[in-house]
Amino acid sequence: DVGSADPSEASEGRLYLTSEPTKGFPVGLLQLSIKLTNEPPQGIQAGLKRTYTWLTQDTLESFRRPEWRPLLYTVSFLHSVVQERRRFGALGWCIPYEFNQGDWAASVQFLQNHLTTVGDDPRKAAISWETVRYMVAEIQYGGRITDDKDRVLLSTMAEVWLTPAIASSQPFAFSPGYTIPQAEDLAQHRRHIETTLPPVDSPEVFGLHPNADITYRTKQSQLILGTILDVQPRQTSASSGGITREEAVVKYAEELLRKLPPDWRPDLVREGMRKLNDKLPLNIFCAQEIDRLQVVITLIRNTLNDLKLAVAGTIIMSVNLQEALDYLYDSRLPPSWLKVSWPSPNMGLWFADVVRRHEQLNSWLLHDRPVKYWLAGFFNPQGFLTSVRQEITRAHSGEGWSLDNVETRTEVMRAERADPDRAPAEGVYIYGLFLEGCSWDRGRQKLKESAPKEMVRELPVLHVSAQE
């Protein structure tokens with residue numbers, strides 16, 4: 001009990017506290033403490049070095065079968081790969097799973113049990129590679145996986161790596177430069193890891209395109225720069241002749257207010273919907289989008305006006321207003337705006353999207369449906385596609401179509417975004433979708449590998465319809 005300890009006895013003592021990463025940790029306690037962190041290893045080489053520090057020579061000599069040591073190394077290599085793929089975000093795993101040492105230990109324990117069952121003599125009994133792959137990829141590691149595509153990925157890696165080829169006389173390579181050591185001594189295994197494996201991994205060893213590393217480095221740089229901005233001092237002085245940060249934010253707020261679209265009047269929205277036929281699913285969807293965007297516009301206007309008043313001293317500078325001032329000064333999106341809108345890299349791009357979304361919906365309301373729809377400019381794009389299915393199903397109601405049996409059908413058009421000059425006879429044209437991790441071959445009308453350093457590629461116009 002720390003509270004009842006005798007100060008004279010505790011003067012030479014040390015108190016160790018452990019905690020998970022949390023923003024609620026007391027700052028004062030951090031300032032008084034000596035901080036120690038246990039960071040996970042970065043890279044396959046570091047991961048394997050850490051794994052092989054848990055092993056002993058007795059573990060390597062547990063079985064005389066030639067498959068034992070290659071199997072142990074392969075499972076360790078697989079363990080490092082599945083952990084390292086997380087750093088690539090959605091390109092690595094659709095869901096960031098928390099793979100840990102327990103998964104590796106459980107897999108090694110299964111291998112030991114299986115080899116004990118089949119015995120040390122390869123002539124009497126063979127290893128069931130299908131069982132090994134299933135237990136490692138579907139049970140030990142696959143038990144954490146909930147996404148179907150991630151499950152296929154892990155099963156594919158096990159299918160390629162957990163094979164009899166890893167124990168053959170020819171050195172097995174997971175990727176160029178990543179081979180299995182042909183040694184029996186633990187020190188030789190560790191030396192192989194330190195001297196043979198590259199210190200910096202290429203994305204190809206993870207089965208990824210070289211552009212994936214650019215994506216990872218970009219996100220890492222953005223995180224570092226964001227952290228630097230967060231720890232910058234918030235008070236500035238105008239003694240040098242410049243303007244204060246409050247004056248700069250007020251000037252920026254006035255600029256945003258000039259560019260901010262006007263509010264929609266509810267009576268004019270109802271009148272516009274009545275002219276468009278407010279019973280049609282797509283028009284109902286338009287009214288819902290207008291309501292949601294109006295919430296964003298109202299919040300922007302109220303925040304900026306209140307911020308001007310707070311800087312002038314007319315009203316109290318609340319916590320939310322102070323937070324908005326700090327973020328706007330750094331040209332970042334205030335958290336209160338993000339909660340009711342969408343993420344964006346910076347304030348400029350986000351505000352431009354507000355204007356574009358308003359233009360699309362306002363043109364739809366005042367004139368007619370657009371020839372092509374900017375799908376990324378909707379809060380609920382899935383609701384838009386559902387509305388398209390509903391309208392097509394109603395048009396074919398005489399043929400007995402049922403919404404439950406109707407599926408969305410998409411076709412990539414050969415024309416660019418600006419080419420379609422009229423709406424399709426059935427369905428809609430959409431644009432504004434981008435491909436990440438691949439590109440589009442316009443000649444052969446199919447996906448292809450991305451060009452080097454081309455991170456995203458815009459898709460041509462899509463024709464979205466429905467079929468039963």
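Buried means under 20% relative accessible area, exposed means over 50%, and partly exposed lies in between. The model is predicted.

Q: Why is Asn277 called partly exposed?
A: Its relative accessible area is 33%. Asn277 sits in the loop between helix H12 (266-276) and helix H13 (281-312).

Q: What makes Ser331 partly exposed?
A: Ser331 has a relative accessible area of 32%. Buried would need a value under 20% and exposed one over 50%, so Ser331 counts as partly exposed. The residue lies in the loop between helix H14 (319-329) and helix H15 (335-338). Ser331 is not a glycine, yet its phi is positive, at about 60 degrees.

Q: Why does Gly226 count as buried?
A: The relative accessibility of Gly226 is 18%. The limit for buried is under 20%, so Gly226 counts as buried. Gly226 belongs to helix H10 (residues 211-230). Its C-alpha atom is separated by 25 Å from that of Pro210, 16 residues apart along the chain.

Q: Why is strand E10 described as largely enclosed by the rest of the structure?
A: Strand E10 (residues 462-467) has six residues, and five of them are buried, so the strand is largely enclosed.

Q: How do you know that E10 pairs with strand E4 and with strand E5?
A: Pairing requires at least two bridges between the strands. Strand E4 (residues 407-412) and E10 have six bridges and are antiparallel, so they meet the requirement for a pair. Strand E5 (residues 428-431) is joined to E10 by three bridges, also in the antiparallel sense. Val464 in E10 is the bridge partner of Thr410, and His463 in E10 stands opposite Tyr429.

Q: How many helices and strands does the protein chain have, and what shows whether the chain is spread out or compact?
A: The protein chain has 17 helices and 10 strands. Its radius of gyration is 30 Å, whereas the globule rule gives 23 Å for 468 residues, so the chain is more spread out than a compact globule. Along the principal axes, the C-alpha atoms fill a box of roughly 85 × 80 × 45 Å.

Q: What share of the 468 residues is buried?
A: Buried residues make up 38% of the 468 residues in the protein chain.

Technical notes:
Residues numbered from 1 in each chain as written. Predicted model: local features only at pLDDT ≥ 70, side-chain atom pairs only at ≥ 80, totals over all residues. Heavy atoms only, no water. Buried < 20%, exposed > 50% of the residue type's maximum accessible area, 1.4 Å probe, protein only. Helix = DSSP H or I, 4+ residues; strand = E, 2+ residues; numbered from the N terminus. Rg over C-alpha atoms; globule rule 2.2 N^0.38 Å.
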